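User: I would like to learn how to read the features of a protein model. Could you take me through this one step by step?

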Amino acid sequence: MQVPSAQIAQHLQRGLKSLYTLYGDEPLQQQECADALRRAARAAGYTDRSVFTVAGAHFDWSEVLAAGGSLSLFADKQIVEIRIPSGKPGKDGSQALQQLAEAARGNDSVLTLVYLPRLDSATQKGAWFGALDAHGVTVRTDPVERQALPQWISQRLQAQGQRVQAGEAGQRTLQFFADRVEGNLLAAHQEIQKLGLLFPEGELDFDQVENAVLNVARYDAFKLAEAVLGGQPLRAQRMLDGLQAEGEAPVLVHWALAEDVRTLHRVKQAMVDGKPLPMALRENRVWGAKEKLMERVLPRLTQAQLSAMLQDAHRVDGIVKGLKVPEWPTDAWQALHRLAMGVCLACAAR
């Protein structure tokens, strides 16, 4: 059974289950969900706790199975936590997890918590994950996307008795805050808590937030590509600067940008050949946020524009590998800025 991470509190009001699987790549949300589960467990009388971290192919699963099958002399109920940082339990682990999932059914003396990173679709279709989902509750913890971040910040501020100014001034404050913490939700949580200590309760103005909130944003090359496709030049510029400051490899940034340019070119060619846009996107394995962005920009991008972008991406490929290209900057980051801004402005054009 799937439960959104944002609804874990409402779920627990209806009662605690015996098996939970938390998976995803957002550590703050996973930590908060786990904390909520432990609080509910303590209130329900789970007083003992065992933690196992699965490391390496030779992990001894018998200890985990034994822990779930035995109770302490001094504890009526216990929590068994299983952390699998790699997301790959192996053959023995797969069998053990299926066994644990079966044993969890109707067992109110042991609460089993399984922690996993983000899983691909193939892994989620595996027998062991299917057993965890069928016999327990699975909670997916995804990052808060940039467009949802201001609202997330606002809700967190309200929870500690604070609010931003009404109207446009408050939205400007929230957008500034989001720019400072994008891609780093744990740090965003800490900055919100800091504001709670500095200005307990009441209304926050822009100057208070600007002076208090550190620039702790973290970016990745794939989110940069989404900003470029979304026609957001200021955000794309900020992300490029951040990636350069963080020491990201230019070749990775180029790959993310160039892959999207190549995909746009292929899909456009398929459209010219008579294929409907949704079919062309599916055939090129485009889905999720990228699918919506490409659906928006492809009808207005011409083949000539996309061919020019493809040529520019090819030139920058040489530059990031140390080659000199006539009429282009020799510095890899300057070349990446030029490529990204060219694509971004084309995608932003009406």
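This is a predicted model: local features need pLDDT of at least 70, side-chain atom pairs count only at pLDDT 80 or more; totals for chains, interfaces and linings use all residues.

User: How do strands in a sheet hold together, and in what order do the five strands of the open sheet lie?

Analyst: Strands of a sheet pair through backbone hydrogen bonds, either parallel or antiparallel. Here the order is E2-E3-E4-E1-E5, and the pairing is parallel. At the edges lie E2, residues 46–53, and E5, each with pairing on one side only. On average, neighbouring strands of the sheet are turned by 15 degrees against each other, direction ignored.

User: How many bridges join E2 to E3, and how many join E1 to E5?

Analyst: E2 pairs with E3 (residues 77–83) over seven bridges, in the parallel sense. Within that pair, Thr53 stands opposite Arg83 in E3. E1 (residues 19–24) and E5 also run parallel and are joined by five bridges. There, Tyr23 stands opposite Arg140 in E5.

User: Is strand E5 mostly covered or mostly open?

Analyst: In a regular strand the side chains alternate between the two faces of the sheet. As for E5, residues 137–141, four of its five residues are buried, so the strand is mostly covered.

User: At what angle do helices H2 and H9 pack?

Analyst: The angle between H2 (residues 27–43) and H9 (residues 185–198) is about 70 degrees, and their axes are 7 Å apart. Because angles of 65 to 115 degrees count as roughly perpendicular, H2 is roughly perpendicular to H9. On the H2 side the contact is made by Leu28, Gln29 and Glu32, and on the H9 side by Leu185, Leu186 and His189.

User: Which residues of the largest nonpolar core touch the most other members?

Analyst: That core has 47 residues, and those touching the most other members are Leu224, Val228, Val253, Leu257, Leu264, Leu298 and Leu301. Several helices supply at least two residues each, including H11 (221–229), H12 (233–245), H13 (250–272) and H17 (332–348). H17 gives the most, with 11 residues. Another core, of 24 residues, lies apart from it and has Val80, Leu100, Val114 and Leu119 among its members.

User: Which residues does Leu224 touch, and what covers the buried residues of H11?

Analyst: Leaving aside residues up to four places away in sequence, Leu224 touches Ala236, Met239, Leu240, Leu243, Val253 and Leu257. Leu224 is buried in H11, as are Ala221, Ala225, Ala227, Val228 and Leu229. The cover over the buried residues of H11 includes H12, H13, H15 and H17.

User: What is found at the start of H11, and which residue follows the helix?

Analyst: At the start, a side-chain oxygen of Asp220 comes to within 2.9 Å of the backbone nitrogen of Phe222. After the helix comes Gly231, with a positive phi near 65 degrees.

User: Now a single residue. Is Thr123 buried or exposed?

Analyst: The cut-off for buried is under 20% relative accessible area. Thr123 has 17% relative accessibility, so Thr123 counts as buried. Thr123 is found in helix H5, residues 121–124.

User: Which residues does Thr123 touch, and with which side chain does the side chain of Thr123 make a polar contact?

Analyst: Not counting residues up to four places away in sequence, Thr123 touches Gly87, Trp128 and Phe129. The polar contact is with the side chain of Asp120, at 2.7 Å.

Note on methods. Residues are numbered from 1 along each chain as its sequence is written. Side-chain values use heavy atoms; hydrogens and water are left out. Buried means under 20% relative accessible area, exposed over 50%, partly exposed in between (1.4 Å probe, protein chains only). A polar contact is a pair of N or O atoms within 3.5 Å; within protein, one must be able to donate a hydrogen and the other to accept it, and residues adjacent in sequence count only if both atoms are side-chain atoms. Contact means heavy atoms within 4.5 Å. Two strands pair if DSSP finds at least two bridges between them. A nonpolar core is a set of buried Ala, Val, Leu, Ile, Met, Phe, Trp, Tyr and Cys residues joined through side-chain atoms within 4.5 Å. Axes are lines fitted to C-alpha atoms, for helices over the stretch in contact, and angles run from 0 to 180 degrees between N-to-C directions. Angles under 35 degrees count as roughly parallel, over 145 as roughly antiparallel, 65 to 115 as roughly perpendicular and the rest as oblique.
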